[in-house]
Amino acid sequence: MGGISGFFSWLFGSKAGVLTLLGCGVVFFLILAWRMEKKTRQEYYNHEKSEDDWDLFDDDDEDE
């Protein structure tokens, strides 16, 4: 039980432990986002863009 206590003490109590925790969190969420994007592309592989679709980086200014 002392090993587990020591590990959590290192993980949350030291600078290296906190940086490791943050790094692992970033890697975990990058892998999760990549997997979700891959599944979405497989599901909507033949989606054609229509008039109702919008794009976050839409540079076409129709108001001008």
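Trainee: What is the accessible surface of the protein, and how much of it belongs to carbon and sulfur atoms?
Mentor: In this predicted model, the accessible surface is about 6600 Å², with 60% belonging to carbon and sulfur atoms. Of the 64 residues, 3% count as buried.

Trainee: Which secondary structure elements does the protein have?
Mentor: Two helices and zero strands.

Trainee: Why is α1 called roughly perpendicular to α2?
Mentor: The axes of α1 (residues 2-13) and α2 (residues 15-43) cross at roughly 80 degrees and come within 5 Å. Angles of 65 to 115 degrees count as roughly perpendicular, so α1 is roughly perpendicular to α2.

Trainee: What makes the contact between them?
Mentor: W10, L11, F12 and G13 of α1 meet K15, A16, G17, V18, T20 and L21 of α2. By class, six residues are nonpolar, three polar and one charged.

Trainee: Why is α2 said to lie largely in the open?
Mentor: Buried means under 20% relative accessible area. One of the 29 residues of α2 is buried, so α2 lies largely in the open.

Trainee: How does the reach of α2 compare with the expected span?
Mentor: From first C-alpha to last, α2 reaches 42 Å, close to the 42 Å expected at 1.5 Å a residue.

Methods: Residues are numbered from 1 along each chain as its sequence is written. This is a predicted model: local features need pLDDT of at least 70, side-chain atom pairs count only at pLDDT 80 or more; totals for chains, interfaces and linings use all residues. Side-chain values use heavy atoms; hydrogens and water are left out. Axes are lines fitted to C-alpha atoms, for helices over the stretch in contact, and angles run from 0 to 180 degrees between N-to-C directions. Helices (H or I, at least four residues) and strands (E, at least two) are DSSP runs, numbered from the N terminus. Angles under 35 degrees count as roughly parallel, over 145 as roughly antiparallel, 65 to 115 as roughly perpendicular and the rest as oblique. Contact means heavy atoms within 4.5 Å. Ala, Val, Leu, Ile, Met, Phe, Trp, Tyr, Cys and Pro count as nonpolar, Asp, Glu, Lys and Arg as charged, and the others, Gly among them, as polar. Buried means under 20% relative accessible area, exposed over 50%, partly exposed in between (1.4 Å probe, protein chains only). Accessible areas come from the Shrake-Rupley method with a 1.4 Å probe; for residues, only the protein chains shown count as cover. The expected span of a helix is 1.5 Å times one less than its number of residues.
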